[in-house]
Amino acid sequence: MLAAAAVLVVATAIGGMVVASGGERATATSPQSPASTATVQRGDLADKVSQAGILTFRARSDGSPYVVINQAGGIYTKLPDNGDTVDCGGVLYRVDDKPVVLLCGTVPAYRDLHTGEAGKDVHQLNRNLHDLGYDAGAHVRIDPRDGHFTAKTEAALEKLQQARGLDATGALDVDDAVFLPDAVRIAKVTGQLGGPAQRGAPVLSATSTTPEVQIDLDPSQPGALKKGERAQITLPDNSSVAGTVDRIGAVVQAPAGQAAGAGSVTIPAYIRLDDPARARGLDQAPVQVDVATKGVQDALSVPVTALVGKSGGGFAVEVAGSGGRRELVAVKLGLFDTADGRVQVEGDLREGDDVVVPSL
């Protein structure tokens, strides 16, 4: 409807309102001076969402970063810098020179873990120890699916603690580690080096290390994109990388730095890159995103500029015949191919007909 309204404005401005019969093909007009024409074509058409986006890094499903809550008491003696990356098993920061290790998992640390404990938090600890290779050896090999803290867990944990400068107790205290879903890139540090490390206070925020693209959709166009649709992203160096619509926000947001209700609002959508390495080092870089949302095959089409509005409503095209004769043909509009500037039409037209378009 929005596209048709836009075409009506364009058609009126270019060709004016014209009188055409209600039939499919209008009566031929008198010979006129030569006109610029375009050919009625048959082929495939695609609709496309094309707009600017921004490169960012994947984190929470709503695009916000992970917030790291400190559980250690003392003084911050080492903190990361914005933009630093920390892998699973690495040291995230230090309190009283004691390392706080990053482990990967979705369940936050909420209790001390030792032999005999069981649960989802133990399961993710076992998976970390296995994936990081601290259970190497026939007698300490851990089943990464196991949710029980066994003697094998204790032995592997001691190796991790020794490697990271922790006391090799074989037990994991709640302030020894932070669990986040993936390796991280530091977004912002809120703790102060040399300042007090308060239990339960945020120390930093972080994202994953995987680039993604965010675009902001107009909420007046629900369903403009769907999860799984393919996208083409043009990077700042004009190279392109393919991607897929990964998720679409459910909450309408105000633009950054603007209060809700103070202006336009948008719905965020996120594009997963097929080759994320192509976009590394481009945080917050502007990109162009084109998403093919739907299409039709083997359809007749004309340039959008060939349309003229009928006085009784609807649209027509002016067909150029032999001897300079022209006739108006009523058409029904279908899909608009915004990339190529063409529109699907149904009416008394044939492939190869010439239709009048504005002169350049």
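Is Asp298 buried or exposed? With a relative accessibility of 52%, Asp298 counts as exposed, where exposed means over 50% relative accessible area, buried under 20% and partly exposed in between (1.4 Å probe, protein chains only). The structure is a predicted model, in which local features need pLDDT of at least 70 and side-chain atom pairs count only at pLDDT 80 or more, while totals for chains, interfaces and linings use all residues. Residues are numbered from 1 along each chain as its sequence is written, and side-chain values use heavy atoms, with hydrogens and water left out.

**Sheet of five strands**

- Five strands make up an open sheet with mixed pairing, in the order β10-β9-β8-β6-β12; strands (E, at least two residues) and helices (H or I, at least four residues) are DSSP runs numbered from the N terminus, and two strands pair if DSSP finds at least two bridges between them.
- The edges of this sheet are β10 and β12, each of which pairs on one side only.
- Strand β6 (residues 74–78) runs antiparallel to strand β12 (residues 196–197), and two bridges join them.
- Within this pairing, Gly74 is opposite Ala197 of β12, and Ile75 is opposite Pro196 of β12.
- Strand β6 also pairs with strand β8 (residues 91–95), in the antiparallel sense and over two bridges.

**Sheet of four strands**

- A further open sheet has four strands in the order β5-β13-β11-β7, with antiparallel pairing.
- Its edge strands are β5 (66–69) and β7 (85–86), and each pairs on one side only.
- Five bridges connect strand β11 (residues 184–189) with strand β13 (residues 202–208) in the antiparallel sense.
- Val189 has Leu204 as its bridge partner in β13.
- In a regular strand the side chains alternate between the two faces of the sheet.

**Aromatic rings**

- The count of aromatic pairs comes to one, under a rule by which rings of Phe, Tyr and Trp (its six-membered ring) pair if their centres lie within 6.5 Å, with planes under 30 degrees apart counted as stacked, over 60 as edge-to-face and the rest as tilted.
- The pair is formed by Tyr76 and Tyr93, whose ring centres are 6.0 Å apart and whose planes are at 65 degrees, so it is edge-to-face.
- Because Tyr76 belongs to strand β6 and Tyr93 to strand β8, the pair ties together parts that are 17 residues apart in sequence.
- Tyr76 counts as buried at 4% relative accessibility, and Tyr93 counts as buried at 2%.
- Arg247 lies over the face of Tyr270, at 4.2 Å from the ring centre; a charge sits over a ring if NZ of Lys or CZ of Arg is within 6 Å of the ring centre and within 35 degrees of the ring normal.

**Pocket and cavity**

- On a 1 Å grid over the protein atoms alone, a cavity is a set of points where a 1.4 Å probe fits but cannot get out, a pocket is an open set with protein on both sides within 12 Å along at least five of seven lines, and lining residues have an atom within 4 Å of a point.
- The second largest pocket contains about 310 Å³ of space, a volume being the space filled by probe spheres set on the points, which are joined across faces, edges and corners.
- Strands β5 and β10 (177–180) are the elements that give two or more residues to the lining of this pocket.
- The lining has 20 residues, and those nearest the pocket centre are Val67, Pro108, Val178, Phe179 and Leu180.
- By class, the pocket lining comprises 15 nonpolar, three polar and two charged residues, with Ala, Val, Leu, Ile, Met, Phe, Trp, Tyr, Cys and Pro counted as nonpolar, Asp, Glu, Lys and Arg as charged, and the others, Gly among them, as polar.
- The structure has one cavity of 30 Å³ or more, and the largest cavity has a volume of about 60 Å³.
- Residues lining the largest cavity include Pro108, Arg111, Asp121, Asp173 and Phe179.
- Seven nonpolar, no polar and three charged residues make up the lining of the largest cavity.

**Positive phi angles**

- Asp298 lies in strand β18 (residues 286–303) and has a positive phi near 50 degrees, although it is a residue other than glycine.
- Asn238, which is not a glycine, has a positive phi of about 75 degrees.
- Asn238 is located in the loop between β15 (230–234) and β16 (240–248), and at 66% relative accessibility Asn238 counts as exposed.
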